[in-house]
Amino acid sequence: MVRAGMAICLCLAVALVSGGCESLPATPPVASAMPTGNPQMDKPPGFVSFCLRFQDQCPEVPGSSSQIALTDGTWIVLNAINLQVNRSIRPLDDMQHFGRPEYWTIPDDGYGNCHDYALTKRKMLAEAGLPLLALRIAIVSTPYNGRHAILTVATDKGDYVLDNLTDDIRSWDQTGYDWIMRQGDKSTWQWVSLQQAPPAVLADNRH
């Protein structure tokens, strides 16, 4: 359950950048559940490095729910955090930012790329009371920009995508993306394959 008052506080925050909660979509689009996928041993190297540095973001959570109840309150929270993070981070690829490829992090300087947006949203949503196992990073291939990392949210009304390339939260099957891999629903360290792909697929640094 979302912590009491969190939705109101987030509405006040989003009002500063978007004109108020009335600008948020009133109801979620129709969505379906994503495929379960096939468990795989390989994980994105940037994710492994991130978890070693931010162990509090990759805990074992036995008994935790792997989906959320999509209520009016949680829909407001999802939209407010998606918009807030999209507006607060400026895109910068890892080589320019850190002098190395595939450096996943939660930025503290206002700059990041696609996986940094996704990790920041994941952290903020968990702090708002949503279970980590329902907040799953995914790697996709976009029609024009190559590999891309996004945050997916598993709900009782289907799976939704929070994406730094748009402020709209969409159903996973309405993105136009080809799905490659995603965190699983059993552990924060579990990843599942969603199609045949090389074992260590990296997110593109250009987003």
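## Strands S5 and S6

A hairpin connects S5 to S6 by way of two residues. Helices (H or I, at least four residues) and strands (E, at least two) are DSSP runs, numbered from the N terminus. S5 covers residues 146–155, and S6 covers residues 158–162. The two strands run antiparallel and are joined by five bridges; strands count as paired if DSSP finds at least two bridges between them. Within this pairing, Val153 has Tyr160 of S6 as its bridge partner.

Eight of the 10 residues of S5 are buried, so S5 is largely enclosed by the rest of the structure. Buried here means under 20% relative accessible area, exposed over 50%, and partly exposed in between (1.4 Å probe, protein chains only).

## Basis of the model

This is a predicted model, in which local features need pLDDT of at least 70 and side-chain atom pairs count only at pLDDT 80 or more, while totals for chains, interfaces and linings use all residues. Residues are numbered from 1 along each chain as its sequence is written, and side-chain values use heavy atoms, with hydrogens and water left out.

In S5, Ile150 is the bridge partner of Ala138, and Leu151 is that of Ile137. S4 also pairs with strand S8 (residues 178–183) in the antiparallel sense, over four bridges. There, Ser141 has Asp178 as its bridge partner.

The 14 residues of H5 should span 20 Å at 1.5 Å a residue, and the end C-alpha atoms are 20 Å apart, which agrees; the expected span is 1.5 Å times one less than the number of residues. Of these 14 residues, 10 are buried, so H5 is largely enclosed by the rest of the structure. Among the buried residues are Cys114, Tyr117, Leu119 and Leu125. Just after H5, Gly129 adopts a positive phi of about 110°.

Thr120 lies in H5, which spans residues 114–127. Thr120 is buried, with a relative accessible area of 11%. Leaving aside residues up to four places away in sequence, Thr120 touches Val85, Ile89, Ile106 and Pro107, where contact means heavy atoms within 4.5 Å. Thr120 and Ile89 are 31 residues apart along the chain, and their C-alpha atoms are separated by 9.5 Å.
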